[in-house]
Protein chains: 2
Amino acid sequence: MDKKTENFLGIDVGGTHVKIGLVDTKGQILQFAKEITASLRENPLGFNLAFVEVVGKYLAKFPEVQHVGIGLPGLVSKDRTTTLEIPAISELNGFDLKSALLEKYPNTIFHLENDASAAAVGELHFGTGQTSQDYLFITLGTGIGSALILDGEVFKGVRGNAMEMGHMLSRGNSRLEPLIGRNGILKIAARMMDTFPEEVGQLAGQELGMHVLVGAASAGNSIALKTFAEVGEILGEAIVSTVRILDVNEIYFGGGISAALPYIMPSLDKTVHQYLSPYYLSDIKMQRATLENDAGTLGAAALCFMD
Amino acid sequence: MDKKTENFLGIDVGGTHVKIGLVDTKGQILQFAKEITASLRENPLGFNLAFVEVVGKYLAKFPEVQHVGIGLPGLVSKDRTTTLEIPAISELNGFDLKSALLEKYPNTIFHLENDASAAAVGELHFGTGQTSQDYLFITLGTGIGSALILDGEVFKGVRGNAMEMGHMLSRGNSRLEPLIGRNGILKIAARMMDTFPEEVGQLAGQELGMHVLVGAASAGNSIALKTFAEVGEILGEAIVSTVRILDVNEIYFGGGISAALPYIMPSLDKTVHQYLSPYYLSDIKMQRATLENDAGTLGAAALCFMD
């Protein structure tokens, strides 16, 4: 098999959809499909076996595929065979997924990985920016995920599941994710509207969502700008602590909310400069990841490049 | 040379003293001396060259020594040749110490390392507890240092200086070190005495120091116990975030203030159990390191076992 010319199957398992892409080695998505997670959970087989069947369906559809990468929304075993804690799909907790897949499809090579780590690997292989072999990757979306690429590989920590930045303790000992995940950001915005009613402007009467908020920020709405400034501070504080632990100075932001990065970055940058010493700040690089919406599928496919 | 039978020189460089130990491969300190850091700084040669001379003095005294380990209180280059940011001895900032030593003593092998990492390595080789090859090590003292031993080696992170937990952001965005380093703990105690004057008891009229505070805690003084309970909470919060980033479940505490661990542990343990999920808590182990006062010198000597 030649990893330079074959096509990979990238499968991004999420709480809402299971997304499947046939991806070439340059990162082009040749075919794309999605299955509804809830339907698989309601399948009489149960989610786990129904998912194994779904994989088989696409393997039959694309018989040339030899490598399948699978991104999973939670903790996986260090040997990447077993799903341990998958909050969105609890049926997967403690399931030896790799063995179940290999039992059915013994001639296929499966690469399992946490989804944030998969997205980071996607940026490494398919990103249009020039990443080095060492960077912190943070996904900003409904949840907050993170990964460290160290010497071109996923950093697993001691037991296999390093880099759960979304669970770091932040202000008032809340976890980071509820503070600046999607719902957290909307809560900040609602608080800003209560605090500064005279600045609500174009947000008045609108249903507050992330698109609305980003649009308002781009139009200069001060509630939206204050909201993203607070997000930048909180995110910056978590990055300061993470940089002190990992000594990393190249950071990419993916996920839907990274679209707001222009409004998050000023306070993020200020916070980082406030708390880090010159050693850490020299050559620090923080920017948006390049893969955007396809990061999940491409990241899963990119796992096929890894050993 | 046979690392099983030779003697090492362990040199622990600190802001107050430079401690030098001749250490056998079982961790016995055969000879011990110390030099006053301030005197070396006042030497006409300047600290850096004066230090190189001091190393030569002890190499001449112990001509059998082939390996010298040196623990340094700050940031060192990833290749462990150059001292980068050494706050307590700023002369060392950006100094290629290894080359300076090798130029003078070309037949000796020098192992440079951050001092907290050296202490962690000391526990690995000379500790009387049974460490695994993977653990977090935290020194509690005037400052807060930390290190991760990963697969039996010092985890360096991306650029060489991982594990600066003392600089993580904690409550009110203070760094951890000023909050629960020695002076921070004394501040907490002073605040507790102001808040609960009726509970001051045996602490009344005493000059507040760490020994006094530990003694009072052991006698059940409620100010001292409340103080260490708060230290445990703050330390626990930092450990929660660190565990989420490194996925480590074996933690040792060294440094002088680890003597207070019996009074810190209840709230530390409670905090960790409050914020970590079952995956992280299974088999979690937190206990005092075994080397105590000699950790600096023994840790520096233990570096000689590393490649």
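I started with the interface: chain A and chain B bury about 3500 Å² between them. Carbon and sulfur atoms give 56% of that area. I note that this is a predicted model.

Next I asked which residues of chain A lose the most area to chain B. They are Arg159(A), Ile245(A) and Tyr279(A), together 23% of what that side buries. I then looked up the residues in the contact: 36 come from chain A and 37 from chain B.

Two salt bridges link chain A and chain B. I looked at the one between Arg159(A) and Asp247(B), where the closest N and O atoms are 3.3 Å apart.

Which elements of chain A each supply at least two residues to the side that touches chain B? I listed β6 (83–85), β9 (144–150), α8 (222–246) and α10 (278–281). The largest share, seven residues, comes from α8(A). By type, that side of chain A has 18 nonpolar, 10 polar and eight charged residues.

Then I moved to a sheet in chain B. Five strands form an open, mixed sheet in the order β10-β9-β8-β11-β12. β10 (153–154) and β12 (285–288) stand at the edges with a single partner strand each, so one side of each has no neighbour in the sheet. Strands β8(B) and β9(B) run antiparallel, joined by six bridges. Leu140(B) has Ile144(B) as its bridge partner.

Last, I checked helices on this sheet. Helix α4 (residues 115–126) of chain B touches β8, β9 and β10. Helix α8 of chain B packs there too, touching β8, β9 and β11. The direction of α8(B) makes about 140° with that of β11(B).

Terms used:
Residues numbered from 1 in each chain as written. Chains lettered and ligands numbered in written order. Predicted model: local features only at pLDDT ≥ 70, side-chain atom pairs only at ≥ 80, totals over all residues. Heavy atoms only, no water. Contact = heavy atoms within 4.5 Å. Buried area = accessible area lost by both parts, 1.4 Å probe. Salt bridge = Lys/Arg side-chain N within 4 Å of Asp/Glu carboxyl O. Helix = DSSP H or I, 4+ residues; strand = E, 2+ residues; numbered from the N terminus. Nonpolar A, V, L, I, M, F, W, Y, C, P; charged D, E, K, R; others polar. Pairing = 2+ DSSP bridges. Axes fitted to C-alpha atoms, helices over the stretch in contact; angles between N-to-C directions.
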